[in-house]
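Morning, everyone. I'll start with the cavities, then turn to the chain and a few residues.

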Amino acid sequence: MFAPWIRTLSKNLFGRYLLVTNVVSGGTLLATGDIIQQTIELAGPNNGQKRDWSRTGRMCIIGTLMGPFNHFWYKMLDFYLPGTTFKTITRKILCDQVVAAPFFASFFLIGMGSLEGESIETSIADLKKKFWAIYLADWTVWPPAQAINFYFMPSHLRVIYVNTITLGWDTYLSYVKHRDANGKRTALASLEKEEIVIPANVELNGNIKKAQ
């Protein structure tokens with residue numbers, strides 16, 4: 001009963017409207033990764049804080065903007081490096097790690113900084129501080145994931161596969177991007193909870209009263 005409808009939907013999502021599918025899934029999953037990361041944060045030292053939906057919205061915007069780049073990047077790789085031989089897949093992985101990975105890491109950090117109202121100088125400073133943490137972790141996750149992608153997945157499913165795997169990766173990106181802000185909030189919350197006790201023989205101006 002539903003089989004023809006499902007086939008039509010699949011044909012549209014992964015055929016005629018593949019670019020739209022890749023763009024929407026990129027934004028949705030990056031936002032979902034931030035929701036997961038904030039849930040983890042709120043279960044820890046920041047449990048007194050409220051969920052920041054504007055931050056999730058910014059993550060969604062960045063993911064959506066990255067969607068077209070992902071879409072055309074994999075089409076280009078398949079065009080210039082067709083086939084599934086070991087040599088071809090190795091070349092694709094190296095291209096992805098040397099070209100795409102640094103670009104997307106930089107785009108993410110600078111783009112998020114811009115959406116948060118940071119100056120370009122501050123965003124670049126943040127990029128210099130956090131780039132290598134993201135890029136080195138990228139080398140531990142994406143080469144094996146992309147080997148599966150380039151060998152088993154058909155071309156039109158590459159981005160949706162990457163976006164699905166990216167859910168865990170997006171959670172990590174959210175953590176790296178916002179860990180400094182989380183640390184500051186935790187420190188401020190701790191200070192607010194502390195009570196400052198002033199001994200009875202000390203005045204507010206620091207002078208010591210004479211004992212009665």
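The second largest cavity is lined by Leu18, Asn22, His71, Tyr74, Lys75, Asp78, Ser155, His156, Arg158 and Val159. The elements giving two or more residues to that lining are H2, H3 and H6. H3 provides the largest share, four residues. By class, the lining has three nonpolar, four polar and three charged residues. The classes work like this: Ala, Val, Leu, Ile, Met, Phe, Trp, Tyr, Cys and Pro count as nonpolar, Asp, Glu, Lys and Arg as charged, and the others, Gly among them, as polar. The space in this second cavity is about 60 Å³.

A word on the source. This is a predicted model, in which local features need pLDDT of at least 70 and side-chain atom pairs count only at pLDDT 80 or more, while totals for chains, interfaces and linings use all residues. Residues are numbered from 1 along each chain as its sequence is written, and side-chain values use heavy atoms, with hydrogens and water left out.

What is a cavity here? On a 1 Å grid over the protein atoms alone, it is a set of points where a 1.4 Å probe fits but cannot get out, and lining residues have an atom within 4 Å of a point. Points are joined across faces, edges and corners, and the volume is the space filled by probe spheres set on them.

How many cavities of 30 Å³ or more does a search of the whole structure find? Two. Helices H2 (18–42), H3 (53–80), H4 (86–115), H5 (120–152) and H6 (158–193) each supply at least two of the lining residues.

Now the chain. It has six helices and zero strands. Helices (H or I, at least four residues) and strands (E, at least two) are DSSP runs, numbered from the N terminus. Of the 212 residues, 37% are buried. Buried means under 20% relative accessible area, exposed means over 50%, and partly exposed is in between, with a 1.4 Å probe and protein chains only. Take contacts between residues at least 6 apart in sequence: 72% of them join residues at least 24 apart. Contact means heavy atoms within 4.5 Å.

Gly33 is found in helix H2. Is Gly33 buried or exposed? Buried, because its relative accessible area is 0%. Beyond its neighbours within four places in sequence, Gly33 is in contact with Leu167, Asp170 and Thr171. Gly33 and Trp169 are 136 residues apart along the chain, yet their C-alpha atoms are separated by 7.7 Å.

Next, Phe72, in helix H3. Phe72 counts as partly exposed, because its relative accessibility is 48%.

Last, Thr122, in helix H5. Thr122 has 38% relative accessibility, so it counts as partly exposed. Its side chain makes a polar contact with the side chain of Ser119, at 2.9 Å. A polar contact is a pair of N or O atoms within 3.5 Å; within protein, one must be able to donate a hydrogen and the other to accept it, and residues adjacent in sequence count only if both atoms are side-chain atoms.

Methods: On a 1 Å grid over the protein atoms alone, a cavity is a set of points where a 1.4 Å probe fits but cannot get out, and a pocket is an open set with protein on both sides within 12 Å along at least five of seven lines; lining residues have an atom within 4 Å of a point.
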